Amino acid sequence: MKIVLLLAALVGCTGLMPEKDCFVERPDHRVPIVEEWQDVKGLHAAWGTSDVRYAWHSLPDVEGLRCSETLTAWRGERVSTQAVIYTGVATDRLAPLTLHLTPFKNERHTLPAEAVQAAFVRYVMTDAWATPDGYGAGCGYRPDHTLYDSTMVADIIDPYAKAIDMDAMSTRSVWVSLQVPADAVEGTYSGMLCIKAGRRTVARLPLHIKVIDRTLPEPEEWKFHLDLWQNPFAEARYYETPLWSDAHLAAMRPSMEMLAAAGQKVITASIMHKPWNGQTEDHFDSMVTWVKRVDGSWEFGFEVFDRWVEFMMSCGIKQQINCFSMIPWALSFPYYDVATNRMQVLRAAPGDAAYEEIWVAMLKAFSQHLREKGWFSITTIAMDERPMHAMQKAMAVIRKADPEFKVSLAGNWHPEIESDLYDYCIALDQAELLPQEIFARRKAEGKKTTIYTCCSTHKPNTFTFSTPAEGAWYGFYVAGTEYDGYLRWAYNSWVKEPLHDTRFRQWPAGDTYLIYPYGRSSVRFEKLVEGVQVYEKVRILREEFRAAGDTKRLAELEALLEKFDYDSQYVDDFATLIRQGQDELNVLGIR
């Protein structure tokens, strides 16, 4: 598969995009402190770090900025950095700023122009994990946002913003991303980020890319089991397109190709109505039609399910299909009743005769359909965070319908049902409970064992207020523990105005989505993918060192990963931890 860059191709705000999505940021209610800026005159630009969210009206840490930047990368790797632009008290009115990249060359070779991209980082509203006095931490409803520390935060990487105005005493960062071609020649390539105000160049920032003699495979070949749940219903609402229409699928393609380029392995499918009781802004409808005939028998339609799966596979996500959920939160199952010519609702729980009847019928029909499509072996019947006794009863129904069905679960550690689960995703705070002998057996059996975080984890996490480097921690931790990957429940369950306000009526801001409309990436998503690439680097080096009997470098690699044990999640300075880990990993990669 051709690598699709996470940052969408730079296009203008006319023609390809509705005008409403060339959005204007909400004003920052935090005004600059004049005393902080009083010694800064004119416009300044320098290289910062991708590990900092630069505040809109706060002076950046000038001592931490650099005149030039050097990145180290493997072939096939995407690396990123941030430039910082800030203006002082007496700034003359400037023309809108624009970004320009020169070619990146070494003595004999030039990287393709499309390999390097620069985009302004836009500001969006966030809140905090808890109120200043510690109330309302993590999960739970947030009816009054004024109780939380709501601020504008830099998160949206916006390739559509071709020009940005700069006011006095303000800061704006620029995200520069480089996708190193798989066939790039080893060596150091040099280029420059130029910042212009009208026709005048106001800053030139040198950037060097050191490409070492190592290669990452294509994302579809990555072994990291990335499972970010998709919500196609949110995109239909946002783009105002009919569900499952050609327009709906076309509008979703940038988001889903961006997900595939991150190494996503799983398609999220809803096989019944509201598996999570409509907890998000846009609830999940069933992709399967449920019909009870006049004679009491059941009929199921899979046209929408097929359309969704085929679309996702066309975007490059093909390894697994997780189908939710036999145990919905409300334990209610809508269906169309031919006899009454109306929708009816069956309310039943695992263990009830009616529950068994309807689900055996559905799963038998589903099994036959999946086998006809050639998808049975990659499909799981999926559940999440349900009581163990209910899951045991549901799994008995699955085995009665088709004993060869695979089952997946995201939830707490339950040794009683572990052997029945093909894909078992365990909450991070219980990851250490998995006995090593069970862990080894699951690997030998080809089963997936992963970790997840949600609103209950303060850090590391991927909220819009999270330190960016937190997203990269998962890759190091998963590699060190030899788990198979990571799950996050919401890739694109957008709130009402996702480009303006990431807060939601429950859960910390950003918990419901990682990317923004029209294929806009985010700082936190890019850092999450950085961690996925770390895992792939570790896997490649570990396999090579073991095969070669290179015990010295293997010991050095394992010593590096020990720094990212479970307790490392409590460190204050994730940025330093991650940066040092990346540097050591690249040194180990030099042959």
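Trainee: Which elements do the buried residues of α7 pack against?

Mentor: They pack against β19 (423-427), β20 (448-452) and α8 (470-481). Packing here is judged by contact, that is, heavy atoms within 4.5 Å. This is a predicted model, in which local features need pLDDT of at least 70 and side-chain atom pairs count only at pLDDT 80 or more, while totals for chains, interfaces and linings use all residues. Residues are numbered from 1 along each chain as its sequence is written, and side-chain values use heavy atoms, with hydrogens and water left out.

Trainee: What makes a stretch a helix or a strand?

Mentor: Both are DSSP runs, numbered from the N terminus: a helix is H or I over at least four residues, and a strand is E over at least two. Helix α7 covers residues 436-444.

Trainee: Which residues in α7 are buried?

Mentor: Ile438, Phe439 and Arg442 are. Buried means under 20% relative accessible area, exposed means over 50%, and partly exposed lies in between, with a 1.4 Å probe and protein chains only.

Trainee: How do you know that the buried residues of α7 line one face of the helix?

Mentor: Seen down the axis of α7, they fall within an arc of 105 degrees, so they line one face. The arc is that of the directions from the helix axis to the C-beta atoms. As background, an α-helix has 3.6 residues a turn, so residues three or four places apart point the same way.

Trainee: Which exposed residues are on the face of α7 turned away from its buried side?

Mentor: Gln436, Glu437 and Ala444 are carried there. Just after the helix, Gly446 takes a positive phi of about 75 degrees.

Trainee: Why is Glu240 called exposed?

Mentor: Its relative accessible area is 65%, which is over the 50% cut-off, so Glu240 counts as exposed. Glu240 is in the loop between α2 (232-239) and α3 (246-261). Its phi is positive, about 55 degrees, although Glu240 is not a glycine.

Trainee: Why is Val79 called buried?

Mentor: A relative accessible area of 9% is under 20%, so Val79 is buried. Val79 is in strand β3 (residues 78-87). Leaving aside neighbours within four places in sequence, Val79 is in contact with Leu71, Thr72, Ala73, Val176, Ser177 and Leu178.

Trainee: What makes Ala119 buried?

Mentor: Its relative accessibility of 5% is under 20%, so Ala119 counts as buried. Ala119 is in strand β5 (residues 116-126). Not counting residues up to four places away in sequence, Ala119 touches Leu99, Ile157, Asp158, Pro159, Ser173, Val174 and Trp175. The C-alpha atoms of Ala119 and Ser177 are separated by 8.7 Å, with the two residues 58 apart along the chain.

Trainee: Why is Met258 called buried?

Mentor: At 1% relative accessibility, Met258 is under the 20% cut-off and therefore buried. Met258 is in helix α3. From Met258 to Ile85 is 28 Å, C-alpha to C-alpha, across 173 residues of sequence.

Trainee: How many helices and strands does the chain have?

Mentor: The chain has eleven helices and 22 strands.

Trainee: How do you know that the chain is as compact as a globular protein of that length?

Mentor: Its radius of gyration is 25 Å, close to the 25 Å that the globule rule gives for 591 residues, so the chain is as compact as a globular protein of that length. The radius is taken over C-alpha atoms, and the rule is 2.2 Å times the number of residues to the power 0.38. Buried residues make up 59% of the 591. Among contacts with a separation of 6 or more, 75% are between residues 24 or more positions apart.
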